[in-house]
Amino acid sequence: SAADVFWLAFYPPAYVGLALLLRSRLAEFRASLWLDGLVAALALAALGSAVVFDAVLEATGGSRPAAVATNLTYPLADLLLLGLVVATLAASGWRPGRAWALIAAGLTVFAVSDSVYLYQTAVGSYVAGTPVDFGWIAASVLMAWAAWQPSAPITRALRDGWWVVVPPIFFALVSLGLQVYDHFARINVLALVLAAAALLAVLARLAMTFGENVRMIVSSRREARTDALTGLGNRRKLVDDLSLLLNERRPRRLILFDLNGFKLYN
């Protein structure tokens with residue numbers, strides 16, 4: 001109906017608004033953290049597709065393509081919005097601040113309300129005036145509340161240990177669970193594709209983490225063998241070089257320079 005046009009018109013400016021807000025607040029870009037957000041978004045989209053889409057398709061029987069496309073647009077658009085927010089949460093080290101936490105909570109409630117409404121409508125169990133209707137009001141209040149929070153840049157929180165890998169592992173298990181569940185009860189192709197894409201993103205995240213660790217080790221090794229003031233090799237570098245030269249079994253000369261007064265600078 002014409003009402004769907006206005007309801008769906010909410011999403012394009014919402015995407016633009018979140019993107020502009022993110023660009024103005026984000027203090028640092030890290031590809032690995034954005035990849036965490038992509039993993040979470042794909043896993044959530046796969047889970048939503050497995051739960052909602054089959055019920056909508058079964059209720060319409062696929063006989064009304066416009067109705068099917070319109071009904072399925074709502075959860076897809078909600079999940080895309082939520083995926084953008086999840087990517088923001090990951091970019092901040094999962095500590096985004098109150099404003100983004102309220103935005104994430106509002107969009108989560110919005111997506112859940114839309115999905116439950118579509119499912120109940122598909123199976124014929126929807127009744128007006130239930131908590132599902134309250135969910136849309138609560139989501140709007142949460143996002144309006146987020147707009148009142150003080151402006152603050154998103155700074156990446158330094159995290160060590162297992163906390164860095166817990167979110168991608170959790171969403172990878174969700175995607176893997178959908179793949180396993182498909183062997184017992186078939187789910188739609190879209191959910192399977194999204195779950196597979198999430199698992200591929202996890203593999204890419206592992207490769208990126210390995211590369212980051214290698215670069216960190218190389219940098220640490222260079223710092224351990226270099227004088228921070230002059231950039232010259234230190235005693236550890238000298239010992240390593242002498243060990244390599246002694247293994248060659250060839251005559252070598254070791255020349256020492258004594259710079260008078262250099263201690264004043266070093």
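A nonpolar core is a set of buried Ala, Val, Leu, Ile, Met, Phe, Trp, Tyr and Cys residues joined through side-chain atoms within 4.5 Å; buried means under 20% relative accessible area, exposed over 50%, and partly exposed in between (1.4 Å probe, protein chains only). The model is predicted, with local features needing pLDDT of at least 70 and side-chain atom pairs counting only at pLDDT 80 or more, while totals for chains, interfaces and linings use all residues. Residues are numbered from 1 along each chain as its sequence is written, and side-chain values use heavy atoms, with hydrogens and water left out.

The largest nonpolar core has 44 residues, and Leu18, Val85, Ile103 and Leu107 have the most contacts inside it. Among the helices that each supply at least two of its residues are H2 (11-25), H4 (65-91) and H5 (98-123); helices here are DSSP runs (H or I, at least four residues), numbered from the N terminus. H3 gives the most, with ten residues. Beyond its neighbours within four places in sequence, Leu18 is in contact (heavy atoms within 4.5 Å) with Leu81, Leu84, Val85, Trp100, Ile103 and Leu107.

The structure also holds five salt bridges, each a side-chain nitrogen of Lys or Arg within 4 Å of a carboxyl oxygen of Asp or Glu. In one of them, Arg225 pairs with Asp240, with the closest N and O atoms 2.4 Å apart. Arg225 lies in the loop between H8 and helix H9 (235-247) and Asp240 in helix H9, so the pair ties together parts 15 residues apart in sequence. Arg186 bridges to Asp182 at 2.9 Å between the closest N and O atoms; Arg186 is exposed at 70% relative accessible area, whereas Asp182 is buried at 7%.
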